[in-house]
Amino acid sequence: MPTRTVIVLGGGIAGLASAVRLIQRGLKPIVLEKRPFLGGRAYSFIDRETGIEIDNGQHVFVGACKQFQKYIADIGVDDQVTLDDRVRFPVVKQDQISWLRGRKLPSALSNLSMLIGYRHIGITDKIRILWGLLSIKRTNLDIRYDQVTFYDWLKVHHQNEDTIKNFWNLIILPSLNDNINCVSAYTGISLFKVAFLGPIKNAAIGFPLIGLSSLVGERAQNLIETAGGAIKTGFSATSLHMESGQVTGVRNQDGELVKGNAVISAMPASDMTSLLEHSADIQHDFFKPAESVQTAPIVAIHIWYDRPVLSEKYMAILDSPLQWVFNDTLLKSRDDSGAQHIVISLSGAWEWQDRSKEELKEIFTAEMARTFPQARTAIITRFTVVKMLEATFRVSVGSLASRLPQKTPVPGFYLAGDWTDTGWPSTMESAVRSGNLAADCVAEDIANR
Ligand SMILES: Cc1cc2nc3c(=O)[nH]c(=O)nc-3n(C[C@H](O)[C@H](O)[C@H](O)COP(=O)(O)OP(=O)(O)OC[C@H]3O[C@@H](n4cnc5c(N)ncnc54)[C@H](O)[C@@H]3O)c2cc1C
């Protein structure tokens, strides 16, 4: 029997991961991507003003991201990421540095022990937090937890404004790219269950050591093409093609038709729903909830100093607009001839997304100088801003219903993408999981045809 062909729409992490899994299942993927490059929302590019390769946004993962790490190993770049052995990061609050650092203890005890030396929270509040974590452990999640915010849930479980600001939101804001009083208790509780109440390594932070395009795109492309698959960029899918009630192809903006035995949409929810609007044969209530998927912005501020201003690889900053500051020079082990490239990552960045580059420069260079003494005398050699207005999908109250399963009621049509039902928030892990799930559904259905 000839090898069956599966069309994958979208060359982001979900599309590439599904292509790799299709190959592993003996199928031939054809990845069609509308942009001229792969990686989707995780890419790097040469900044026009500075001429330097930068990522579209700081991407980190945690040890619990097992399928992302397997994907990275499958495409042969596992030596290009690094993962700490347990949770440890410094937190600055009003000029004082204190570490959230797990001790060498068994399992979840190590993660809980991070509170011991954390001086931004007093003893009574530490007991509150432990109570909150215990309550999370005892909670059996169901859909009711999607109807209440994590903030309200924490309040009911004896948390106060200080524990919420100095601990819970410190984790929630960068992980879910949204404020704690918007995200659902369902997602907040799941996050802490998986990362902080599981094995030690689950909460450890990991980083790419190279640019995102090289990490997630280039090597996947090599693997897919070497294994007989194909990748076509500059192909913007505009409608699905059906034969005898089955999706068998896709057309692009020029009317070009690419045919296959099945189609996986690995596009963001809004692109998928717009594709269906133009596919007259496929009108199904099943897809309706995807129309309510909402997104949240991330703004990354890049500052190049002529000398080191930060000795750590990354830091969280409380009581400051800085949020999280990353030392790109150190993270990527680059020799910047004594200079330093700093990335300030602003999550839930509605407040910053419409500000001009000049305004942002004024605010954030002053804030850096206020927080890091070395930045007061250092000279800023370059400055740039990357705004990703639809960086992640929101996990607000009621959002669970919009996360569709990978298998659809339309024969031959499957869904992937971080926003589909994976149990994970908008992350690279969710993207890989969705791709794997979609590819497995296709492989099983094709085997049973
Ligand atoms: C600034 C920023 C920071 C982030 N930080 C982190 C982080 O620290 N950790 C983490 O895990 N995640 C992070 N994320 C989220 C992570 O990048 C995403 O969850 C993940 O990349 C989503 O992958 P995806 O394949 O599902 O979707 P996408 O990456 O959006 O891929 C979809 C692809 O479909 C293509 N497409 C759309 N329409 C069409 C069409 N009609 N025809 C053909 N192709 C089409 C798009 O061009 C795109 O390439 C961050 C995201 C951003 C933007």
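1. In this predicted model, helix α1, which spans residues 13-24, packs against helix α8, which spans residues 212-226, at an angle of about 25 degrees and with the two axes 10 Å apart. Angles under 35 degrees count as roughly parallel, and α1 and α8 are therefore roughly parallel to each other. In passing α8, helix α1 makes a left-handed crossing.

2. The residues that make this contact can be listed from both sides: α1 contributes I13, L16, A19, V20 and I23, while α8 contributes V216, A220, L223 and I224. Sorted by class, the contact of α1 with α8 consists of nine nonpolar residues, with no polar and no charged residues.

3. A second pair of helices may be read in the same way, namely α4 (residues 123-138) and α6 (residues 161-176), which pack at an angle of about 75 degrees with their axes 10 Å apart. Angles from 65 to 115 degrees count as roughly perpendicular, and α4 and α6 are therefore roughly perpendicular to each other.

4. Where these two helices meet, D125, R128 and I129 of α4 are in contact with D162, T163 and F167 of α6. By class, the contact of α4 with α6 has two nonpolar residues, one polar residue and three charged residues.

5. Turning to the chain as a whole, the protein is divided into domain 1 (5-47 + 210-292 + 404-448), domain 2 (100-203) and domain 3 (295-393). Between the C-alpha centres of domain 1 and domain 2 there is a distance of 34 Å.

6. The shell around the ligand draws at least two residues from each of several elements, which are α1, β2 (28-33), α9 (269-277), β19 (380-393) and α13 (428-448). Helix α13 supplies the largest share, which amounts to four residues.

7. Which residues come nearest to the ligand? Of the 39 residues around the ligand, the nearest are G10, G12, G40, G57 and T427. By class, the shell has 18 nonpolar, 14 polar and seven charged residues.

Notes
Residues numbered from 1 in each chain as written. Predicted model: local features only at pLDDT ≥ 70, side-chain atom pairs only at ≥ 80, totals over all residues. Axes fitted to C-alpha atoms, helices over the stretch in contact; angles between N-to-C directions. Parallel < 35°, antiparallel > 145°, perpendicular 65-115°, else oblique. Left-handed = near helix turned anticlockwise from the far one by under 90°. Contact = placed C-beta atoms within 7 Å. Nonpolar A, V, L, I, M, F, W, Y, C, P; charged D, E, K, R; others polar. Near = placed C-beta within 6 Å. Domains from an automatic or database assignment.
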